[in-house]
Amino acid sequence: MMFDFVRWCRNYLRLCVFFIAALVGLQVPGFKNDYGHALRSAYSEAQLNMAPFERDAKKFFDGSVEKLLAHYQKSDDPVYAKGGENLALLLERENELEAALDDFDTHPYVHLLKSPILSISKQVWNNYTPQIQLDTEALVSSVVFALLVSWTIEALFLLVVLLLQRAMTGLFIKKAPQ
């Protein structure tokens, strides 16, 4: 009777874990979409910030922003040289965002797992509002995440049970005198 109750509790616990993991899995595509929008916005902003420098580069340096940057940086005027440092930072940020956007557009989930822009992902996370999308991507994400979490917890539970069984067996086995 007690064993049936424990089995019943374990089955309901499995169901609860699966359900909660499925709800969390439903959030993944929404977060991915919000991150993509924030990444595109940051890239657009970086392009707007670079536009005046690109116009100057087109006018004075045959369109080469690198030549414009070199011109700024080799100036003896400290204010002008500092402007070159700021331009270098803007250019670096634009290149970083462009590469991230290309990576995100190719493999969004891999990008989010391996190499997100941390400042953008943190901003999205801090402003994220849970949402339930009922499309194929969200449903697949939900089931996959729920199965992975459920299987992981089940495997950990079985490992603990096996370790406890070995420990208990070891307590009851007496070593033969030699």
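1. Basis. This is a predicted model, in which local features need pLDDT of at least 70, side-chain atom pairs count only at pLDDT 80 or more, and totals for chains, interfaces and linings use all residues. Residues are numbered from 1 along each chain as its sequence is written, and side-chain values use heavy atoms, with hydrogens and water left out.

2. Largest pocket. Rolling a probe the size of a water molecule over the atoms shows where empty space is left. The largest pocket has a volume of about 360 Å³. A pocket here is an open set of points on a 1 Å grid over the protein atoms alone, where a 1.4 Å probe fits, with protein on both sides within 12 Å along at least five of seven lines. Grid points are joined across faces, edges and corners, and a volume is the space filled by probe spheres set on the points.

3. Its lining. Lining residues have an atom within 4 Å of a point. For the largest pocket they are V24, Q27, V28, F31, Y109, L112, L113, W125, Y128, E137, V140 and S141. Two or more of these residues come from each of α1 (2-60), α4 (108-114) and α6 (136-172). Helices are DSSP runs (H or I, at least four residues), numbered from the N terminus. Helix α1 gives the largest share of this lining, four residues. By class, the lining of the largest pocket has nine nonpolar, two polar and one charged residues. Ala, Val, Leu, Ile, Met, Phe, Trp, Tyr, Cys and Pro count as nonpolar, Asp, Glu, Lys and Arg as charged, and the others, Gly among them, as polar.

4. Second largest pocket. This one holds about 230 Å³ of space. Its lining is R10, L13, R14, V17, F18, S150, I153, E154 and F157. Helices α1 and α6 each supply at least two of the lining residues. Again α1 gives the most to the lining, here five residues. The classes are five nonpolar, one polar and three charged residues.

5. Cysteines. A disulfide is a covalent bond between the sulfur atoms of two cysteines. C9 is partly exposed, with a relative accessible area of 31%. C16 is partly exposed too, at 44%. C16 is found in helix α1. From C16 to M168 the C-alpha distance is 30 Å, at 152 residues apart in sequence.

6. Helix α3. This helix (residues 78-106) has 29 residues and reaches 42 Å from its first C-alpha to its last, close to the 42 Å expected at 1.5 Å a residue. The expected span is 1.5 Å times one less than the number of residues. Its buried residues are A81, G84, L87, L91, E94, L97, A100, L101 and F104. They pack against α1, α2 (65-73), α4 and α5 (118-127). Contact means heavy atoms within 4.5 Å.

7. L89. This leucine is found in helix α3. Is L89 buried or exposed? L89 is exposed, with a relative accessible area of 56%. L89 and S141 are 37 Å apart in space, C-alpha to C-alpha, and 52 residues apart in sequence. S141 is one of the residues lining the largest pocket.

8. Loop residues. D62 lies in the loop between α1 and α2. D62 has a positive phi of about 55°, although it is not a glycine. Most residues other than glycine have a negative phi. D62 counts as exposed, at 77% relative accessibility. D77 is found in the loop between α2 and α3. D77 is partly exposed, with a relative accessible area of 39%. The C-alpha atoms of D77 and M168 are separated by 79 Å, at 91 residues apart along the chain.

9. W125. This tryptophan lies in helix α5. W125 is exposed, with a relative accessible area of 60%, and is among the residues lining the largest pocket. The C-alpha atoms of W125 and D135, 10 residues apart along the chain, are separated by 22 Å.

Definitions and conventions:
Buried means under 20% relative accessible area, exposed over 50%, partly exposed in between (1.4 Å probe, protein chains only).
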